[in-house]
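Please read these points with the sequence and the model side by side.

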Amino acid sequence: MTKPAKPFVKWVGGKSKLIPEISKLIPNKINNYYEPFMGGGALFFELSNKKLITNHSYINDINKKLMNCYEIIKQDPDSLIKLLKNIEKEYKKLNLDNQKKYFYQIRQEYNQNSLDNLTYCAYLIFLNKTCFNGMYRENSKGEYNIPFGDQPNPTICDVGNIQAVSHTLHDTHITSTSFEESIKTCKKSDFIYFDPPYYPLNTTANFTNYSKNNFTFKEQIKLSETFKQLHQKGCFVMLSNSNTDFIRKLYQPFNIHEVYSARSINSKGEKRGKIKELIITSY
Ligand SMILES: C[S@@+](CC[C@H](N)C(=O)[O-])C[C@H]1O[C@@H](n2cnc3c(N)ncnc32)[C@H](O)[C@@H]1O
């Protein structure tokens with residue numbers, strides 16, 4: 001029997017720590033499941049492991065290199081495992097200085113846009129496991145720019161989890177497009193979970209760049225309109241976002257739940273801790 005699948009990358013805004021709160025609010029029965037801002041996909045794996053999705057799953061993220069990983073893991077986990085095992089073996093033979101050089105060499109190749117899809121997938125996972133704080137961020141040119149992480153003994157190839165993720169994805173639809181495009185096939189009684197880049201807590205805070213596409217307040221407004229349209233269609237819609245007046249106003253007619261989340265990624269260690277977030281449901 002395969003073990004439960006879990007996110008194969010650590011992702012900024014990952015929802016693993018919020019799963020107990022989100023689980024209390026999901027509908028009793030899920031027909032088709034849509035996750036348009038997939039990232040690491042913590043909720044998708046939770047619902048799949050618990051067999052709560054009775055029909056198909058549709059996962060999407062605008063980050064093409066990330067969604068390529070889902071596609072590779074779905075279709076060819078064995079080749080990925082082989083390649084990652086080789087990378088892990090090479091990397092672990094090196095001393096810290098040379099590991100650092102190896103990391104920057106891989107990062108440079110990753111940013112040159114000339115690799116095959118399997119190698120892109122392996123490199124994304126390698127960089128995620130060995131970079132600073134396990135983050136993913138791209139600059140305005142779309143280049144991955146997180147520095148080396150200096151981690152003592154990272155697991156680069158988690159064979160059991162890659163196999164479990166592959167098994168979970170076997171009849172999942174995988175796309176890489178905008179959130180609006182990805183929900184076009186939604187029908188009455190489908191469940192959609194939106195986990196967009198959060199609206200900043202204060203106006204001076206920068207938006208987090210997950211990919212070269214910024215998610216501005218205009219996108220937040222477009223998303224709230226999409227939320228309303230899906231609700232009118234008879235879908236069950238859930239969304240997480242920051243606890244701000246702007247977001248509260250956008251979703252005023254809906255059910256707004258306050259939850260506490262332990263922030264797992266913050267560059268300033270002393271700012272780690274519990275902050276209030278919002279989960280909004282249409283039902
Ligand atoms: C908060 S993260 C999702 C975290 C995820 N739920 C998890 O558990 O790891 C937001 C994601 O939205 C994606 N994104 C940003 N703009 C988008 C857009 N316009 N359409 C679809 N996805 C987008 C980013 O690439 C990022 O992965």
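1. Strand 4 (residues 191-194) is covered on both faces: F191 and Y193 are buried on one side, and I192 and F194 are buried on the other. Buried means that 20 or more other C-beta atoms lie within 10 Å of the residue's own; exposed means 12 or fewer, and partly exposed lies in between, with C-beta atoms placed from the backbone. Strands are DSSP runs of E with at least two residues, helices are runs of H or I with at least four, and both are numbered from the N terminus.

2. This is a predicted model, in which local features need pLDDT of at least 70 and side-chain atom pairs count only at pLDDT 80 or more, while totals for chains, interfaces and linings use all residues. Residues are numbered from 1 along each chain as its sequence is written.

3. Which strands pair with strand 4? Strand 1 (residues 33-35) runs parallel to strand 4 and is joined to it by 2 bridges; strand 5 (residues 236-242) is also parallel to strand 4, with 4 bridges. Pairing requires at least two bridges found by DSSP between the two strands. F191 is the bridge partner of Y33, and V237 in strand 5 is the bridge partner of I192.

4. The chain is divided into domain 1 (16-66 + 162-199 + 221-281) and domain 2 (71-157). These bounds come from an automatic or database domain assignment. The C-alpha centres of the two domains are 27 Å apart.

5. Between the domains, 11 residues of domain 1 are in contact with 10 residues of domain 2. Contact means that the C-beta atoms, placed from the backbone, lie within 7 Å. On the domain 1 side, helix 3 (64-75), helix 7 (159-168) and strand 3 (172-175) each give two or more residues. Helix 7 gives the largest share, 4 residues. This side has 6 nonpolar, 4 polar and 1 charged residues. Here Ala, Val, Leu, Ile, Met, Phe, Trp, Tyr, Cys and Pro count as nonpolar, Asp, Glu, Lys and Arg as charged, and the others, Gly among them, as polar.

6. L118 belongs to helix 6 (residues 117-130). Is L118 buried or partly exposed? L118 is partly exposed, because 16 other C-beta atoms lie within 10 Å. Leaving aside neighbours within four places in sequence, L118 is in contact with I72, D76, S79, L80 and L83. C69 is 49 residues from L118 in sequence, yet their C-alpha atoms are 7.9 Å apart.

7. The ligand is surrounded by 23 residues, the closest being G13, F37, G39, G40 and D195. A residue counts as near when its C-beta atom, placed from the backbone, lies within 6 Å of the molecule. The shell divides into 10 nonpolar, 9 polar and 4 charged residues.

Notes:
Two residues are in contact if their C-beta atoms, placed from the backbone, lie within 7 Å.
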